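Biologist: Hi! I'm new to this one, could you walk me through it?
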Amino acid sequence: MHMQRYSSAAIMNLHRNFLARQTPMKTKMVNPFMESKNACDVFINHRGIDTKRTIATLLYDHLSWLNLQPFLDNKNMKPGDKLFDNIDNAIRNCKIGVTVFSPNYCKSYFCLHELALFMESKKKVIPIFCDIKPSELRIVNNGSVPSKDLERFNLALEEAKYTVGLTFDSSKGNLSDVVKNASEIVIESLIEMESEQKLVKSSRNTPMAL
């Protein structure tokens, strides 16, 4: 399965129009830690030991270059911040989630907690399956995960498995391609969300016929 995509020309026009509406970049330096408390456009959920130095950071940098506001833990948080408070707040206030699944992803309580919160918050999630197939995603319970969390994690993982996403094989794939494709999908999704919100707003403002 593949995500429905626009033509290259349509994508360029959509991106140009959408990004033109974003807040212009400020000439003065902005402390990224100060932005962590604000709503972000995209939350990047990933397993650090697998993908922080590759897909996750490259995607964060590319989305930032496009003048969007992505959230990545080591970029938006500083020593002393309360981990769960900041992460949970960022997910609840983000517009879209990008989940980078990888071989060690399901071994992380934090990764699974973030994924479950995405699903419980009804956020749109764009999966990237990096060096792993959806069918290979499973939680290995060694008794350290509370039963109530285990149920949440399994439900979220099953939902993610059946969400159409991107695949990447690090042994032969091009990182720039998957980052570019993921960024395009993020922008297309944000455009669709903006259009839907405008339709809802317009319908509310339209007077009912007598």
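This is a predicted model: local features need pLDDT of at least 70, side-chain atom pairs count only at pLDDT 80 or more; totals for chains, interfaces and linings use all residues.
Modeller: Happy to, and we can go from the overall layout down to single residues.

Biologist: Good to know. How many helices and strands are in the protein chain?
Modeller: The secondary structure comes to 7 helices and 5 strands. Starting at the N terminus, the elements run α-β-α-β-α-α-β-α-β-α-β-α.

Biologist: And what share of the residues counts as buried?
Modeller: Of the 210 residues in the protein chain, 42% count as buried. As for contacts with a separation of 6 or more, 79% are between residues 24 or more positions apart.

Biologist: Over how many bridges do strand 4 and strand 5 pair?
Modeller: Strand 4, which covers residues 124-130, pairs with strand 5 over 3 bridges, in the parallel sense. If you want a residue to look for, C130 has F168 of strand 5 as its bridge partner.

Biologist: Now helix against helix. At what angle do helix 5 and helix 6 pack?
Modeller: Helix 5 (residues 109-120) and helix 6 (residues 147-161) pack at about 70°, and their axes are 8 Å apart. That angle makes helix 5 roughly perpendicular to helix 6. The crossing of these two helices is left-handed.

Biologist: Which residues make the contact?
Modeller: From helix 5 there are Y109, L112, H113, L115, A116, L117, M119 and E120. Helix 6 brings D149, R152, F153, A156, L157, E159 and A160.

Biologist: How do those divide into nonpolar, polar and charged?
Modeller: The contact of helix 5 with helix 6 has 10 nonpolar residues, 1 polar and 4 charged.

Biologist: Changing topic: T51. Is that buried or exposed?
Modeller: T51 counts as buried, because its relative accessibility is 1% and the cut-off for buried is under 20%. This residue lies in helix 2.

Biologist: Which residues does T51 touch?
Modeller: Leaving out residues up to four places away in sequence, T51 touches H46, A56, T57, V100, S102 and C130.

Biologist: One more topic, the backbone. What is phi of N67?
Modeller: For N67, phi is near 70°, a positive value in a residue other than glycine. N67 sits in the loop between helix 2 and strand 2, and is buried, with a relative accessible area of 18%.

Biologist: And where is D131?
Modeller: D131 is in the loop between strand 4 and helix 6. Phi of D131 is near 60°, again a positive value in a residue other than glycine. At 35% relative accessibility, D131 counts as partly exposed.

Conventions
Residues are numbered from 1 along each chain as its sequence is written. Side-chain values use heavy atoms; hydrogens and water are left out. Axes are lines fitted to C-alpha atoms, for helices over the stretch in contact, and angles run from 0 to 180 degrees between N-to-C directions. Helices (H or I, at least four residues) and strands (E, at least two) are DSSP runs, numbered from the N terminus. Angles under 35 degrees count as roughly parallel, over 145 as roughly antiparallel, 65 to 115 as roughly perpendicular and the rest as oblique. A crossing is left-handed if the near helix is turned anticlockwise from the far one by less than a right angle, and right-handed if clockwise. Contact means heavy atoms within 4.5 Å. Ala, Val, Leu, Ile, Met, Phe, Trp, Tyr, Cys and Pro count as nonpolar, Asp, Glu, Lys and Arg as charged, and the others, Gly among them, as polar. Two strands pair if DSSP finds at least two bridges between them. Buried means under 20% relative accessible area, exposed over 50%, partly exposed in between (1.4 Å probe, protein chains only).
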